[in-house]
Amino acid sequence: MLAGIVFGGKAIADDSFPLHATNSIARVLISQGQDLLHAYLSDDDRVADVFNSGLKRFTFTDNVPAAWHSLVSTNDIVGIKVFSQPGAISGTRPAVVTAIVHGLLEAGLPPSHIIIWDKHAADLRHAGYTKLGHSLGVRVAGAADVGYDTNTFYLPDSPVVGALVWGDLEFGQKGEGIGKKSFVSKLVSKQMTKIISVAPLINQNEAGICGHFYSLCLGSVDNTRRFENDSDRLASALPEIYALPVIGDRVVLNVTDALLAQYQGGPAGYLQYSTLLQQIWFSHDPVALDVLSLKELSRERRAVDVPPMFTNFEIYTNATFLQLGLSNPEQFQIDKIP
């Protein structure tokens, strides 16, 4: 069990995680399935069964509409955040998102109130989400393609001037302060009231994993090149972006798509570095899920005798300081159901 492991020391290797004791508990539910993938392709019906069983258990309800009603209302505009860059097989899998959309529709949300989104529409299209959204009757949108909100932004205490690229709000502008802010997409700040974060279990060199912090934060704002390739800046930026009320306060559920665990090569998809887990994880705590993801990928690397990798646990230390969740596995309450 992951919950009983104690770690200490500096977070520069797979098994070196510091502890921060509190009296709180982070609840995580792991829903385990069988035969969910065939030749790495998802069985939609089986995935939906495993997802819905886990959701009902996590929300202490006995049917799918009641489970969703405990999280959102029919008046909400719900954004389902996916990580589509690795594609449909290694990124967030469309089968998991399909189960969420069907559940929300069953709970009475109008199709127009559901948005499947990521940063770039091109990634969504490549991963099959544009076609999926059309078949389900819901919207699919790229945050960068919608544009950015000039009134809502991330400005760190010690700002680093970014190397602005085409698509960033201030690209091509000159003057004092240009490049110091990361503006939030209008899709996030103006077009949704609730967010469901669905992150795959796949590694990333600077952040350790393409988890809920990496996916949601980098997907929500522009001018990210100034910190996304620098592990120290990333460790500060991700928790501070998540702490923006228009982002973190709107997240009602975090789901880790652990059908596969890719321990090397991310964020590109490499099936030769992947292990079949056939699990879906649920929590209100994004820190706990990302920490468990780091530990699982560490375990997978040890199992195949791959050298340890950088984990950037400082992201989650800082997130704990900002009271965004718990990073100490001794304080995780893990419930696993078959």
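In which loop does His 120 lie? His 120 is found in the loop between strand S5 (114-118) and helix H4 (121-126); helices (H or I, at least four residues) and strands (E, at least two) are DSSP runs, numbered from the N terminus. The model is predicted, so local features need pLDDT of at least 70 and side-chain atom pairs count only at pLDDT 80 or more, while totals for chains, interfaces and linings use all residues. Residues are numbered from 1 along each chain as its sequence is written, and side-chain values use heavy atoms, with hydrogens and water left out.

His 120 has a relative accessibility of 38% and counts as partly exposed (buried means under 20% relative accessible area, exposed over 50%, partly exposed in between; 1.4 Å probe, protein chains only). Residues up to four places away in sequence aside, His 120 touches Gly 142, Ala 144 and Asp 145, contact being heavy atoms within 4.5 Å.

A pocket is an open set of points on a 1 Å grid over the protein atoms alone, where a 1.4 Å probe fits, with protein on both sides within 12 Å along at least five of seven lines; lining residues have an atom within 4 Å of a point. The volume of the largest pocket is about 550 Å³, taken as the space filled by probe spheres set on the points. Its lining divides into eight nonpolar, nine polar and eight charged residues; Ala, Val, Leu, Ile, Met, Phe, Trp, Tyr, Cys and Pro count as nonpolar, Asp, Glu, Lys and Arg as charged, and the others, Gly among them, as polar.

The largest nonpolar core has 58 residues, and Trp 117, Ile 241, Ile 247 and Tyr 316 have the most contacts inside it. Such a core is a set of buried Ala, Val, Leu, Ile, Met, Phe, Trp, Tyr and Cys residues joined through side-chain atoms within 4.5 Å. Beyond four places in sequence, the contacts of Ile 241 include Cys 217 and Phe 227.

The structure holds zero disulfides, a disulfide being a pair of cysteine sulfur atoms within 2.5 Å. The sulfur of Cys 210 is 13 Å from the closest cysteine sulfur, in Cys 217, too far for a bond.
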